Amino acid sequence: MKRKTVLCLLAALGLAALLADAEGVRRGVAEALALCGGTVIPSQFLFLAASSLLVSLGVGEVLAPRLEFLMWPLFRVDGAGAAALILGLVGGYPIGARTAAELYREGSVTKGEAERLLTFCNTANPAFLISVLGAGVFGSVRVGVWLWLVHVLSALLTGILFRRGSGGRTEPRRPVPVRTVPLVQAFVDAVRGALDSVLRICAFVTVFYVLARPLRGLSGLGGAAAVGTLELFSAVPLLTGGPGGYVLAAALAGWGGVSVLFQTLAVLADSGLSARACVLGKAVQAGISAALALATAGYVMG
């Protein structure tokens, strides 16, 4: 009862703060919706639809026998899980996590394998790292490519770390269920599901964009770190060039922000998968990303 009282009090204080700055909140929501319309939806919607369509049509069946020799030794995940890794690296947050959940629903991977996928498949897309961060913040596509390489390597190393404790395979690889979904039905379901997912994503982008507003008044790398920990896109204008900015950009991209974690929760709804794996994975990836960026900063920024 005491906990519920505290939570209600905090919610009431939050509402009072919103009402006290109603005009600022309105502007923040308008900016966030513009961000969604100009960046989030164009970059995510078709990838969400395509990833869902691929899973429905049986991408797990195609990849399982071909990539088993990599996925199982490295990550203790069935070869079908390569779909989540590939689509996550190409499409960005939270497409890898959504694909892992769909593979689990389809029976292509076990629950344990799906949750291991969540630790390292929820990644930023190359366009954000190379174009927005590299060219936009550092004025260099080369720096963006290095940020992307650091991001990919940190994700793979995170996956390798989280394979520990999964045990060895004690039985032959199970057959992947054969897909019998008609193309038209799969297409309709994919587009409908993508619309639902992108609306959830935009909702959390909007909420956390507004919540990050008070922090955007902070300056320097400390301000960028505070904002980026909460909401990644909001930190971009605050990042500065130089080795410190490069290391921070790598770490923030590895973490993704609290906003991305809630976006992931939204796409994992009703999947039966624990989001704890995703949170731990992003925290570990942020640390590895920072270490790799620190090790390469002298060469990249020199």
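Q: Which residues of helix H10 are buried?
A: Buried means under 20% relative accessible area, exposed over 50%, and partly exposed in between (1.4 Å probe, protein chains only). In H10 (residues 220-230), Gly223, Ala224, Val227, Gly228 and Leu230 are buried. Helices here are DSSP runs (H or I, at least four residues), numbered from the N terminus. This is a predicted model, where local features need pLDDT of at least 70 and side-chain atom pairs count only at pLDDT 80 or more, while totals for chains, interfaces and linings use all residues. Residues are numbered from 1 along each chain as its sequence is written, and side-chain values use heavy atoms, leaving out hydrogens and water.

Q: What covers the buried residues of H10?
A: Their cover includes helix H9 (183-211), helix H11 (232-235), helix H12 (243-255) and helix H13 (258-267).

Q: Which residues touch the most other members of the largest nonpolar core?
A: A nonpolar core is a set of buried Ala, Val, Leu, Ile, Met, Phe, Trp, Tyr and Cys residues joined through side-chain atoms within 4.5 Å. Among the 32 residues of the largest one, they are Met71, Leu85, Leu117 and Leu118. Another core, of 31 residues, lies apart from it and includes Ala212 and Leu248.

Terms used. Helix = DSSP H or I, 4+ residues; strand = E, 2+ residues; numbered from the N terminus. Contact = heavy atoms within 4.5 Å.
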